[in-house]
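Dear colleague,

I am handing over the structure below for you to look through.

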Amino acid sequence: MTNSLTLVFAAGVLAVLYGAAQTAVLMKASTGNDKMREIAAAIQEGASAYLKRQYLTIGIVGIVILIAAYFLIGAYAAIGFLIGAVLSGAAGYAGMLISVRANVRTAQAASESLSKGLNLAFRSGAITGMFVAGGALIGVSGYYIVLTQHLGLASTGREVIDGLVALGFGASLISIFARLGGGIFTKGADVGGDMVGKVEAGIPEDDPRNAATIADNVGDNVGDCAGMAADLFETYAVTTVATMVLAAIFFRGQPYVDLMMVLPLAICAVCIVTSIIGSFFVRLGKSNNIMGALYQGLIVTGVLSIGAVWWVIDQMVMG
């Protein structure tokens, strides 16, 4: 069981390392001409300022909930809440950092060829996806290892269950603020840009001379990229924790309850590996069909995942 948990944690680290390696490749791509860099810098500045202000507000709320969780539920639940909130916030921030830098590079790559644009856009999305999945797996499996292996707590005990559930709740807190806040911001900027820019000033839509257009792009990045990353982290962590809790309830008292609680983590781990492999199969063919390229990677990943999940279940449950 210890070896399985170690491999699960290693798979999370692998996802983060893959994202870091792809980030280094992304940052070497061309950022286009001076005008493109000027607009991109304005969007980056606005996104960073907005996210810092938003996270400051969320942090105040989070501290209040953290203190309440400590006194009402216990120290393990409070620590789990803190881990979930910090990692969810980090996933959102990473998503924003990648997106605002990938935008201008993708635009430049697409101006050169459709294939280059697709490769850079997909690679950028894969970076955020791997950071999200890897961070969530590291958080859930790492905290479970600490509670059960290092502190010696029973896997079905109240302290472990409360700690894992609180971790998911901490991730949910960040995702709610990040997703909704960015959406409200971008919609307000979009409406303002349309009314003032197009109607009153006669400036074309999405013209960089309109400050609301820059604000709209800022909102798109912090809402659809940073917010979505935090939201996906929350979904990944919560569903994994929920499956582990259900296993603890359903198989309570059985000698293999620990095995069944680790099984969801092992499935997540092997699917990270198959996703990394599948990402290399997203290639634009002679038909220049973008959806065909995406489906090609999806099919390869799906087929590999079916085999990998079967192998994990066979080794852990049937073996």
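**Pockets, a helix pair and a core**

The lining of the second largest pocket holds 13 nonpolar, three polar and no charged residues, where Ala, Val, Leu, Ile, Met, Phe, Trp, Tyr, Cys and Pro count as nonpolar, Asp, Glu, Lys and Arg as charged, and the others, Gly among them, as polar. Please bear in mind that this is a predicted model, in which local features need pLDDT of at least 70 and side-chain atom pairs count only at pLDDT 80 or more, while totals for chains, interfaces and linings use all residues. Residues are numbered from 1 along each chain as its sequence is written, and side-chain values use heavy atoms, with hydrogens and water left out.

The second largest pocket contains about 340 Å³ of space. A pocket here is an open set of points on a 1 Å grid over the protein atoms alone, where a 1.4 Å probe fits, with protein on both sides within 12 Å along at least five of seven lines, and its lining residues have an atom within 4 Å of a point; the volume is the space filled by probe spheres set on the points. Of the 16 residues lining the second largest pocket, Ser4, Leu7, Val270, Trp311 and Val312 are the closest to its centre. Helix 1 (2-27), helix 7 and helix 8 each give two or more residues to this lining, and the largest share, seven residues, comes from helix 1. Helices are DSSP runs of H or I with at least four residues, numbered from the N terminus.

The largest pocket has a volume of about 640 Å³ and is lined by 33 residues, with Gly125, Ala126, Thr128, Gly129 and Met130 nearest its centre. Helix 4 gives the most to the lining of the largest pocket, with 10 residues, and by class that lining has 19 nonpolar, 13 polar and one charged residues.

The axes of helix 3 (residues 75-112) and helix 4 (residues 114-150), which are lines fitted to C-alpha atoms over the stretch in contact, come within 8 Å and cross at roughly 170°. Helix 3 and helix 4 are therefore roughly antiparallel to each other, a term used for angles over 145 degrees.

Finally, the largest nonpolar core has 45 residues, of which Leu137, Val140 and Tyr144 touch the most other members. Such a core is a set of buried (under 20% relative accessible area, 1.4 Å probe, protein chains only) Ala, Val, Leu, Ile, Met, Phe, Trp, Tyr and Cys residues joined through side-chain atoms within 4.5 Å.

With best wishes

Notes. Axes fitted to C-alpha atoms, helices over the stretch in contact; angles between N-to-C directions. Parallel < 35°, antiparallel > 145°, perpendicular 65-115°, else oblique. Buried < 20%, exposed > 50% of the residue type's maximum accessible area, 1.4 Å probe, protein only.
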